[in-house]
Amino acid sequence: MRAARLIRMALLVQSSPGLTAEALARELDVSRRTVIRDAQALQEAGVPIRAERGRAGGYHLAPGHRTRLTTLHPTEAETLFLSGLPSALRDLGLSDAADTARLKLSATLLPSLRAAAESSVRRFHLDAPAWFREPSTPGLLPELARAVWSDRTVEVTYARPGRDDTVTRLLQPYGLVLKAGVWYVVGRVPDGAWRTYRVDRVTALSPTDGEPFVRDPGFDLTAYWRASAKAFARTLLRTTATLRLTGRGLARLPAVADPAGAGEALASASGPDADGRVTVELPVESEEVAFAQLSELGADVEVLAPEGLRARFRAHARDLAALYGVAGQR
């Protein structure tokens, strides 16, 4: 474990001279103190790594030195060949370049590593689009991808969902995200705010003249997407249902409800009552959606509120009782 981390640290310093102890700690997911200890261990092993102070400081290798740690392990070769998404590369107009890169990489690998890399392609395939949706490539995606690569500000015309009009604005495109077969562009607008747009709703795009925009070095596309996706999912849960659940129903709730709502419900759970049931407050999208989700729990859930949702379950219970000839139903 430590040996792999030391190799990775040496390669990071070689590829990105000047990384600080804090930056290396983030990359390696360790503490700053561990980075300092690892640097000392590399020095003792003969790797001329040193820390420099000042604005141009950070960790550096001695001038002219390059590590000889770049030979791939078979597992690393397999992982590398799994890192491409064929459909995504095709959408971006990069499939030919990716195929050429893989051929060049294969030619440089030892025969044993070449076999390991090729075996991963035979064993794994990533199909990104969701079921029951015909995948389509937005026509302007390759052009938008070129703007992302070149840090070029673009003027985009965007069709707003649920409306018949469009809006045109300047956008600094920071990155592209493929989510369940749908492409999104994340960028910054002139007032400094971050925005996310579905690429298939971009109806026109034109690069602007001038120098490339200067990227915010603190922007993390992955972190931004995770946070915004979580916030968006929570905005869909517009009402709350009060439930009494058996222990089994409580355990199954995350499997039937929206993850964000289930998490809040579990956090709100009361102690068991005399019947061993717990009461929770579950955020839901609507009564209709909640009925479809909670019906899967059967008798392990009792809806206390809202009354409209409780009435749905009463009517459903009466229908089932009539269908199966159960007498004495209320």
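**A sheet, some charged pairs and a threonine**

Guide: Strands β8 and β10 run antiparallel and are joined by four bridges. Keep in mind that this is a predicted model.

Visitor: Which residue in β10 is the bridge partner of L243?
Guide: That is V303.

Visitor: What is the order of the strands in that open sheet?
Guide: The order is β9-β8-β10, three strands with antiparallel pairing. The edge strands are β9 and β10, the latter covering residues 301-305, and each of them pairs on one side only. From one strand to the next the twist averages 35°.

Visitor: What holds strands of a sheet together in general?
Guide: They pair through backbone hydrogen bonds, in either a parallel or an antiparallel way.

Visitor: Which helix lies across β8 and β10?
Guide: Helix α13, residues 307-323, and it runs at about 140° to β10.

Visitor: Let's switch to charges. How many salt bridges are there?
Guide: The count comes to 15. As background, side chains of opposite charge can pair when their charged atoms come close.

Visitor: Which residue does D273 meet in a salt bridge?
Guide: R244, at 2.7 Å from N to O. This pair links distant parts of the chain, 29 residues apart: D273 is in the loop between α11 and β9 (278-284), while R244 is in strand β8 (residues 239-245).

Visitor: R244, buried or exposed?
Guide: R244 is buried, with a relative accessible area of 15%, which is under the 20% cut-off. D273 has 29% and is partly exposed.

Visitor: What about R234, which residue does it form a salt bridge with?
Guide: With E264, and their closest N and O atoms are 2.5 Å apart.

Visitor: Which residue does D165 form a salt bridge with?
Guide: R160, with the closest N and O atoms 2.5 Å apart. D165 counts as partly exposed at 28% relative accessibility, and R160 counts as partly exposed at 29%.

Visitor: New topic. Where does T157 lie?
Guide: In strand β3, which covers residues 154-159. T157 is buried, and its relative accessible area is 16%.

Visitor: What joins the side chains of T157 and T168?
Guide: A polar contact of 3.0 Å.

Visitor: Which residues does T157 touch, leaving out those up to four places away in sequence?
Guide: T157 touches T166, V167 and T168, and also R201, V202, T203 and A204.

Visitor: Now the whole chain. How many helices and strands are there?
Guide: The chain has 13 helices and ten strands. Of its 330 residues, 33% are buried.

Visitor: Last one. What share of the contacts with a separation of 6 or more comes from residues 24 or more positions apart?
Guide: Such residues account for 59% of those contacts.

Conventions
Residues numbered from 1 in each chain as written. Predicted model: local features only at pLDDT ≥ 70, side-chain atom pairs only at ≥ 80, totals over all residues. Heavy atoms only, no water. Helix = DSSP H or I, 4+ residues; strand = E, 2+ residues; numbered from the N terminus. Buried < 20%, exposed > 50% of the residue type's maximum accessible area, 1.4 Å probe, protein only. Polar contact = N/O pair within 3.5 Å; in protein donor to acceptor, adjacent residues only side chain to side chain. Contact = heavy atoms within 4.5 Å. Salt bridge = Lys/Arg side-chain N within 4 Å of Asp/Glu carboxyl O. Pairing = 2+ DSSP bridges. Axes fitted to C-alpha atoms, helices over the stretch in contact; angles between N-to-C directions.
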